[in-house]
Amino acid sequence: MSSVESHQQQLSQSDPSPSPNSCSSFELLDMDAGSLYEPVSPHWFYCKIIDSKETWIPFNSEDSQQLEEAYGSGKDCNGRVVPTDGGRYDVHLGERMRYAVYWDELASEVRRCTWFYKGDKDNKYVPYSESFSQVLEETYKLAVTLDEWKKKLESPNREIIILHNPKLMVHYQPVAGSDEWGSTPTEQGRPRTVKRGVENISVDIHCGEPLQIDHLVFVVHGIGPACDLRFRSIVQCVNDFRSVSLNLLQTHFKKAQENQQIGRVEFLPVNWHSPLHSTGVDVDLQRITLPSINRLRHFTNDTILDVFFYNSPTYCQTIVDTVASEMNRIYTLFLQRNPDFKGGVSIAGHSLGSLILFDILTNQKESLGDMDGEKDAPNIVVDEGDTLTLEEGLKKLQLSEFFNIFEKEKVDKEALALCTDKDLQEMGIPLGPRKKILNYFRTRKNSTGINRPTLQPASGVTISNIPKESGFCSKTDATGNGDYLDVGIGQVSVKYPRLIYKPEIFFAFGSPIGMFLTVRGLKRIDPNYKFPTCKGFFNIYHPFDPVAYRIEPMVVPGVEFEPMLIPHHKGRKRMHLELREGLTRMSMDLKNNLLGSLRMAWKSFTRAPYPALQASETTEETEAESESSSEKLSDVNTEETPVAVKEEVPPINVGMLNGGQRIDYVLQEKPIESFNEYLFALQSHLCYWESEDTVLLVLKEIYQTQGIFLDQPLQ
């Protein structure tokens, strides 16, 4: 003990400045050594493995208080379960373990913490075990009561802790192999700071989440197990998304929170990658994978091949079954744990996950209770079924005079449904009747209203699986079951499961839906089409996202217009975008002025310089100036008219896919991203989890359905 104390005194005298390996001078504070003992306030922590290292994370203040109340209730802790983290985790108090509720995750150790020591390679404090913390507390209580310090304790793993005074306590960790040189562990160890109570260490402790849940959102990931550049899982990324939403609720929905109108939105992840790769396909792939560039091939097998799996009939069935069953399972479990929940449900998908959700939504039934009965989509003529012949159909359209043309070309009703406008034009049918015929006969068998050209068979799909009718259609399989759905947009033939709820809004982040629909052979989405069970659809993307594609040009193919610009969460546009627009307007003004000046100079240069015309030259010059001025003004007006029109004309009709509202929404790139869009392309595809602008748009649209709006509308 004397050697330890002398060693500590030498350290203090030789180096009075603060050092991570010595006792700092700022810890030697004035205090009353004879002050009364006060019990330490415990706080509960749980252990997470981050980057192969144990990291102790504090529970929020509300959860810690609930755990402490359950611990001090006097009841047996065995079998006692305390829900934490908004009900997403359960703590089994007797086991001191923390389990995830809605997804698979390794259990975490839980500890009631009172004493801490500083870690080896970072400044984070590590809690002592509960038993040794109790020993430290008893020693500390004795030292304070008797005013006798310089107490030395040895932990079970031979680490030495010395209590010099209430503000100066150190921990010596022995160096491996020190005993071989005949010295004690404390002589070779490096001192670390010891702290009593969580209030004396630097750690962020949150207040907790609102108990009231207003809305539930399921989030489906894209390809691969990692969802961002830090290779984090969907659970961790959704945790960030949820944290950003809680912060934005406090800043942008402050009035509604103060009036207790809102609580929070719960975001729950849906994982389909692990079930897919647990089918044994990885073993099959490994047998045929070349041994060279091993890491790159492993990344390809684990990530990029998910796209090909989704285009395979076998694995596509596994994926859609997993996504739908997981959402149904989590929804049922959520209602069991939150019986008072009265809010709605929305779904969100990132990358390939958005395509999976899109395909599932297009194959839902309008009536959740009638799984076998087909419900017709709105604005689609389906009366009288297939009883009318081609001649009767033309007679109903008052176009009987064209029946002979079809009879001559041997075109029956089914063949007519496959004809294009160009085919009918070559038959000599005028434009008006062509449109009536195509619209009538193409929509008679449609159930959802998406028009497409003739499709070629997809890979792995037989000719019989490709529907004859255009659009989404329902078929009966070989067994005679009526619930076999074959989607006529080039999808593989799978049986799409039903969701046990009706989603209110579908959010797509960085979505390739438009590209996949085009590759499947779809050229246009009927403006009258909407999801059978979902009212809203928002396609949100970053302008540099290489995977994202637009949807609106497929609904309105003949009109070019920009997507909706998502406002910055702090209001207005980013400064560099406003500067860019200002410079663009300035350059247009300079261009117009320069053209006007050149036009005036050219006209004055080409005039004949005769003395006899000098008298009329002034008049002619005046006319030329007025003419150039008028031309200049007309040019300026021509350039400025589109801007004015864009602001004054009513919104563009982009169909009913989002209830008549705009579908495509683009984020504003950051100033540093605008320097090189290629450099930030990959990051742009993975930026949505921590994007305040994205989260705020999601919250705004969700709460608008409840009649709750932002404190100040963003511009």
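**Salt bridges and burial**

Me: Why is E68 called partly exposed?
Reply: E68 has a relative accessibility of 23%. Buried means under 20% relative accessible area, exposed means over 50%, and partly exposed lies in between (1.4 Å probe, protein chains only), so E68 counts as partly exposed. The model is predicted: local features need pLDDT of at least 70 and side-chain atom pairs count only at pLDDT 80 or more, while totals for chains, interfaces and linings use all residues. Residues are numbered from 1 along each chain as its sequence is written, and side-chain values use heavy atoms, with hydrogens and water left out.

Me: What makes the contact of R112 with E68 a salt bridge?
Reply: The term requires a side-chain nitrogen of Lys or Arg within 4 Å of a carboxyl oxygen of Asp or Glu. For R112 and E68 the N to O distance is 3.0 Å, so the pair qualifies. R112 belongs to strand β6 (residues 108-113) and E68 to helix α2 (residues 61-71), so the bridge ties together parts 44 residues apart in sequence. Helices (H or I, at least four residues) and strands (E, at least two) are DSSP runs, numbered from the N terminus.

Me: Which accessibility class does each of D240 and R232 fall into?
Reply: D240, at 21%, counts as partly exposed, whereas R232, at 14%, is buried. Their side chains meet in a salt bridge of 2.5 Å, N to O.

Me: What does the salt bridge of E552 with R662 tie together?
Reply: The closest N and O atoms of E552 and R662 are 2.8 Å apart. E552 lies in helix α18 (residues 552-555) and R662 in the loop between α20 (614-648) and β21 (664-666), so the pair joins parts 110 residues apart in sequence. Both E552 and R662 are buried.
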